[in-house]
Each structure stands twice: as structure tokens, then as C-alpha cells.
Amino acid sequence: MLRRTERGFSLVELMVAMVAGLGVVLCITSLYMALLRTDESLMARIHLQQGLQFLLDSIERDVRRAGYAPATSRTTSSSWPGLYWSTRCVLMGMDMDEDGVLAGEQELLGYRFNPIRQRLEVRSWLLPPADPEVACRSSGWQDMTDGQLQITEFSLSQPDTATNLLSMQVTAQDPRRPQQEVHDARYMQLRNW
């Protein structure tokens, strides 16, 4: 009878192969987890940037319209300015319905930075307040961010008289990830000033 010798892997060889395979799987898993963390961080930064851009787009749109009154308007003079700004607050009036009167929530708006709550806030009025400075400090403002963003820095600079550009500088961070911080600057052309 012929005896066949079959030779396979020994137990030691199988154990070494399993350990090497496990090492490869651990390396791939750790690389995959690092990529997931990087992706999550990048997505959070993009979300933060988009949220900040949405806020600034809203403010910029209204600031550009500040002081609007149609050429045929018979806008009555009032103590409400077409545009009032301080370093942390901007108020504007615009005759959107072209009736010659600044009145209503769409025509009298304000945005301010609340440094205590670290939020941008918005407010509208039905009738013009008597004093813009007092209006900036008054109550009744609503949070624009719903707690999704913390605004750590906000400033408005005086418009350049030659170009009518109002500068707005903002720094925001994600309250869940304070290390995530974005900066944005806008230069808004005052069209009706």
C-alpha cells in the first residue's frame, strides 16, 4: 500500500498567521475610525460655517435694504433712522410696501449681539421706537441661532464715507465642540444711505 503524505500548516503556523491577520485588521479598523472622526469633525465645521453664513446673509440682506424708500414715496419724517449702528447693534427701517410710512414688522428691524448669552438676536417693531440706543438695550429680542451657534465676537464698523461699506466681523463656535471655531467678515454696500 502506498502511503501518501499530505502536508498542511502546523498549529504554530496557523497561530502566527492569525496573529498577523488580526494585526492587519486592527490597523485597518484604527485607520477607519480615524477617518470617521476626521469626517465628523469636517462635517461639524461645515455645518457651523453654513449656519454662520445663513445668519450673516440675513443681516446683510436687510442692511443693504436699509433706508429704502421709493422715489414716489411720501415717507413721513420720523425719529427712526434708515440705518442706525453701534459696534454691537444695527437697526434699520425700509419702506417695503411703498406706502410712505415706516411701520410694521417687515419695515422696522434690528439685529444685535448679546455678549452674555453669546448669541445674535433679532427684533422687529410695529411702530418706530423713540430712541435707537434704548431700542438696542431693550428686551424682547429673539435668539437667531436657537442655541446651535455661540457667537464669541461680533463687531460693526462705521461705514466708509467714500464707498458706503459697513464692515461686520463675526466669530462663532459650536457649543458641543468649542474647539470648532469659524471667522467671517462681510463688507456690505449701503445702497440707500
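A salt bridge is defined here as a side-chain nitrogen of Lys or Arg within 4 Å of a carboxyl oxygen of Asp or Glu. By this criterion, the structure contains twelve salt bridges. The model is predicted, and local features require pLDDT of at least 70, side-chain atom pairs are counted only at pLDDT 80 or more, and totals for chains, interfaces and linings use all residues. Residues are numbered from 1 along each chain as its sequence is written, and side-chain values rest on heavy atoms, with hydrogens and water left out.

Glu60 is classed as buried, with 13% relative accessibility, where buried denotes under 20% relative accessible area, exposed over 50%, and partly exposed the range in between (1.4 Å probe, protein chains only).

Asp62 takes part in a salt bridge with Arg61, at an N to O distance of 3.3 Å. Asp62 is buried, at 1% relative accessibility, whereas Arg61 is partly exposed at 45%. Asp62 also forms a salt bridge with Arg65, the closest N and O atoms lying 2.7 Å apart. Arg65 and Asp62 are separated by about one helical turn because they stand three residues apart in helix α1. Arg65 is partly exposed, at 27% relative accessibility. Through salt bridges with shared partners, Asp57, Glu60, Arg64, Asp184 and Arg186 are joined into one network.

Notes. Helices (H or I, at least four residues) and strands (E, at least two) are DSSP runs, numbered from the N terminus.
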